[in-house]
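These are my notebook entries on one structure.

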Amino acid sequence: MKPIRKAVFPVAGLGTRFLPATKAVPKEMLPLVDRPLIQYAIDEARAAGIEEFIFVTSAGKSAIENYLGAMPALERTLIDANKTNALEALRPSQMTEGSFSFIRQDEPRGLGHAVSLAQRLVGDEPFAVILPDDIIRADTPALTQMVEAFDSNDGHMVATEEVPMQRLGSYGVVDIARSAGRLQSLRGLVEKPDPACAPSSFGIVGRYILQPSIFDQLAKGKPGSGGEIQLTDAIAQDMNTAPVSGFAFDGERFDCGSIAGFLCATFAHAFDRKELGEELHQFMKMRSSIPPVAA
């Protein structure tokens, strides 16, 4: 069984919902407490045994490249100032030289198109896809759970979670033939269905383990929902070649592609930190009179 060694990180999006902040700062670099979103995705990949990191970027994303590179001058300054805590906080952001690559997506043509650009670097082996917008808070990282359940001889795997009916139209939705624990055997996938016609209540979220056969489908894929090349469509079209399973991970997901989701994730992660949680809890107690929602 081939191990999952490579992961693709599609980070080419414009982050328009966070303007004007994202006019100058990539959405993936927005800080969730004291780490940018991209760091959470990298940490999750590392925990799952990923060795090669492939970032699909776009114009204006040089901050991500700078963040992942070494900064010897800053390190020397911290060492000279004996700021050991700051130095340790810096280390997770530094990638081993040669372990990461960048590919430019020149125009926004969808998630499927972004993943297709990584074909040469992925090669002929199964690989992971991680969407940094989806932050998953879990005792065992979500991708680790998937890798442990994945059989590389048995097709593709997508992460799933139960979604309220009124929101199903914003997701790729799985058609479940049977379930065994958290593993779901799928008979199909539908991108952004009419909620009344959705085949299940489980939506696909931003973690995938894919066979290299997906690239053949992406190469001949036509624009789908939103006029973009959809990864979900390509996975569905490849089901005759490679079976597809869903994995209902154990954890709490936050959609950090939305401002509300980002704020909820910030509160959740801050409360996890003892040095922040106590003060934040006191602040919340002081604000016991919650202001009404703005009209």
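**Entry 1: terms and ground rules.** I sort residues by class as follows: Ala, Val, Leu, Ile, Met, Phe, Trp, Tyr, Cys and Pro are nonpolar, Asp, Glu, Lys and Arg are charged, and the others, Gly among them, are polar. I note that this is a predicted model, in which local features need pLDDT of at least 70 and side-chain atom pairs count only at pLDDT 80 or more, while totals for chains, interfaces and linings use all residues. Residues are numbered from 1 along each chain as its sequence is written, and side-chain values use heavy atoms, with hydrogens and water left out.

**Entry 2: confidence.** I looked up pLDDT, the predictor's confidence in each residue, from 0 to 100. The protein chain averages 89, and 95% of the residues score at least 70. I take helices (H or I, at least four residues) and strands (E, at least two) as DSSP runs, numbered from the N terminus.

Entry 3: Rolling a probe the size of a water molecule over the atoms shows where empty space is left. I work on a 1 Å grid over the protein atoms alone: a cavity is a set of points where a 1.4 Å probe fits but cannot get out, a pocket is an open set with protein on both sides within 12 Å along at least five of seven lines, and lining residues have an atom within 4 Å of a point. Grid points are joined across faces, edges and corners, and a volume is the space filled by probe spheres set on the points. The largest pocket has a volume of about 1,300 Å³. Its lining counts 37 residues, of which Arg17, Leu111, Leu131, Asp133 and Lys192 are the closest to the centre. I find at least two lining residues in each of α5 (111-116), β11 (202-210), α9 (231-237) and β13 (252-255). β11 gives the most, with four residues. By class, the lining has 14 nonpolar, twelve polar and eleven charged residues.

**Entry 4: the second largest pocket.** This pocket has a volume of about 320 Å³. I count 15 lining residues, with Arg35, Tyr40, Ile136, Arg137 and His269 nearest the centre. α1 (37-47), β7 (134-137) and α10 (259-272) each supply at least two of the lining residues. The largest share, four residues, comes from β7. The classes here are six nonpolar, one polar and eight charged residues.

**Entry 5: the cavity.** How many cavities of 30 Å³ or more does the structure hold? I find one, and the largest cavity has a volume of about 50 Å³. Gln217, Leu218, Gly221, Lys222, Ile229, Gln230, Asp233, Ala234 and Gln237 line this cavity. α8 (214-219) and α9 are the elements that give two or more residues to the lining, and α9 has the largest share, three. By class, I record three nonpolar, four polar and two charged residues.

**Entry 6: α10 against α11.** I take axes as lines fitted to C-alpha atoms, for helices over the stretch in contact, with angles from 0 to 180 degrees between N-to-C directions. α10 and α11 (residues 274-286) pack at an angle of about 120°, with their axes 6 Å apart. α10 is therefore oblique to α11; angles under 35 degrees count as roughly parallel, over 145 as roughly antiparallel, 65 to 115 as roughly perpendicular and the rest as oblique. In contact (heavy atoms within 4.5 Å), Phe267, Ala270, Phe271 and Asp272 of α10 meet Lys274, Leu276, Gly277, Leu280, His281 and Met284 of α11. The classes are six nonpolar, two polar and two charged residues.

**Entry 7: backbone.** I looked up a cis peptide bond, which joins Leu19 and Pro20, with omega about 10°. Pro20 is in the loop between β1 (6-10) and β2 (31-32). Val33 is not a glycine, yet has a positive phi of about 65°; Val33 is in the loop between β2 and β3 (35-36).
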